[in-house]
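Dear colleague,

Please find below the structure that I am passing on to you. My notes on it come directly after.

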Amino acid sequence: MKPKAGNSEYDAVIVGARCAGAATGMLLASAGLRVLVFDKAAYGTDTLSTHALMRPAVLLLQRWGLVDKLEHAGTPRIEKTTFRYAEDRGAEEVSVDIKPRHGVDALYAPRRTALDRILVNAARGAGAEVRHGMQMMDLLRSADGTVSGVRVRDQGGEIRDIRARIVIGADGRRSGVARLAGSTPYVVGQHMTTCAYGYFRDLPIDGNRWYYRPGMGAGVIPTNDRQTLLFASVSHDFARGSAAERASAFHRVIREAAPDIADRAANERLVGKLYFFAGMRAFIRQPWGDGWALVGDAGYMTDPITAHGITNALRDAELLSRAIIDGTGLAEYQTARDDLSLAFFEVSDRVASLDWDIPTVQQYHRMMSHEMGREEEALVATGNASATAA
Ligand SMILES: Cc1cc2nc3c(=O)[nH]c(=O)nc-3n(C[C@H](O)[C@H](O)[C@H](O)COP(=O)(O)OP(=O)(O)OC[C@H]3O[C@@H](n4cnc5c(N)ncnc54)[C@H](O)[C@@H]3O)c2cc1C
C-alpha cells in the first residue's frame, strides 16, 4: 500500500490499541503510512491476562527496541521455565534454561499496564495518531460494499465518520469489526478452560513454573512490582458459583496441582482480588475482506491455558503489516498466519480439554515447542527480509 491516502483521511484506521492494535499501528506508521489507532478504553488500563510472553514475542519486542523499556518498567527477566507434571503416582519436574538465540536471552511476563502502554507510546513515536475514549459504532462502506472507514463516538460523545483505505480490527475476541464485516470462524475449538488468577507478594520464584495434573493446570509467573501471578485452570469451576466458592476452588486447584507453592499462596499475600475468566471457545476467523482486516484475538484466539495470545497478536501485527507495506496482499497474510497457527491451535485445544495423562500432555508440549520453533524462524525471516529491503 502506498503512503498516500487519496480521498481517505488515513491509510489505515485501527480499532483497538492494545498489543495487536498498537503494534500494528507502530509498524504501519514506521513505514510512512497515515495511521489512526483508537480504543474505547483509557490509556494504560489493565485487562485480563496472565502475561507470559513466549520467545517469538520477545524476539519481536527486541527487534522493535522495546525490551529495554520493559525492563525499565520493572519487568523481571525470566531465565528458566519449569514444568511440573503430577498424577496420583507421583510428580516429575522438567526445567529448561532460556538459551540465548536470535538476540533473546530471557522471557518476560509484563503487566498489561506496562506492555500496552509501551506499545502505544511506540506507535505514537512512529507517527501514528492514537486516541483513547473513542468507540467504533459501525463500519462505513462505499457503493460496491467495500469497507471505507468507521463511524465512531469520540470522547465528547460526538458521532463522526472517519475514512480510511483499510480498517483493521484489533478489537479483541468479541471483535465488532469481525461481526460487522461478516467474518466468521472457520476453525473452532472443541474445549475451553475457565481460569482464576491473582497477584501475590513475597513469593520468590526462580522463573516461570507451569503445573499439569489430569483435569487441571496452574502457573506461577513473576511479573512487575515484585509480584507473582498465580493462575489455576479447570473446565468449569470458575464459571459458576459465588465469588467465595470460586476463590475456594482456586485454592483447591493450587493445593492439588502446585502443592510446593500452596502454603505461600495464602490470602494475606494476595494483592487486591482474584480475577476470573469464565472461558470462551478458541477460534480462527477469516481475517480480511474488501477494505478490512483482523489482527490479534479479533482474528485468532487460543485458549489461555497455553498462554500464547499476546505472542500471536504481536506475530500477526508483524505479518499483517508486512503484507500491507510490501503489497503482497491480505491473502498472503492469511496464508502465513494460518501456516503458523493451525497445528498449534489443534494442540492447544487438546491441552485445554484437560483430559490427558502425563505422557500425552508432555507430547503436546513437545509439539507446541516444535511449532514455536517454526514461528520463531518465520519471524527471523521477516526481519532478514526487511533488513535486505532497507
Ligand atoms: C485469563 C486470560 C489469561 C491470559 N493469559 C495470557 C498469557 O499468559 N499470555 C498470552 O500471551 N496471552 C494470554 N491471554 C490472551 C491475551 O490476553 C490476548 O490474546 C491479548 O490480549 C489479545 O490482544 P489484542 O490486542 O488482540 O486484544 P485485546 O487485548 O482484547 O484488546 C482489544 C482492545 O480493543 C478495544 N475495543 C474493543 N471494541 C472496541 C470498539 N468498538 N471501539 C474501540 N475500541 C474497542 C478494547 O477496549 C481493548 O482495549 C490471556 C487471556 C485471558 C482471558
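Predicted model: local features only at pLDDT ≥ 70, side-chain atom pairs only at ≥ 80, totals over all residues.

I begin with the ligand. The shell around the ligand comprises 34 residues, of which G16, G172, G296, G309 and I310 come nearest. Two or more residues each are given to this shell by α1 (19-30), β2 (35-39), β6 (135-141) and α8 (309-326). Of these elements, helix α8 gives the most, with four residues. Sorted by class, the shell around the ligand holds 16 nonpolar residues, 13 polar residues and five charged residues.

I turn next to the sheet. In general, the strands of a sheet pair through backbone hydrogen bonds, in either a parallel or an antiparallel sense. Here, seven strands make up an open sheet with mixed pairing, and their order is β4-β3-β11-β12-β13-β10-β14. Strands β4 (90-97) and β14 (270-277) are the edge strands, each pairing on one side only. From one strand to the next, the twist averages 15°.

Within this sheet, β10 (residues 194-201) pairs with β13 (residues 227-234) in the antiparallel sense, over eight bridges. In this region R201 stands opposite Q227 of β13.

Lastly, helix α6 (residues 243-257) lies across β3 (80-87), β10, β11 (208-213), β12 (216-222), β13 and β14. The helix α6 runs at about 85° to β12.

With kind regards

Note on methods:
Residues numbered from 1 in each chain as written. Near = placed C-beta within 6 Å. Nonpolar A, V, L, I, M, F, W, Y, C, P; charged D, E, K, R; others polar. Pairing = 2+ DSSP bridges. Axes fitted to C-alpha atoms, helices over the stretch in contact; angles between N-to-C directions. Contact = placed C-beta atoms within 7 Å.
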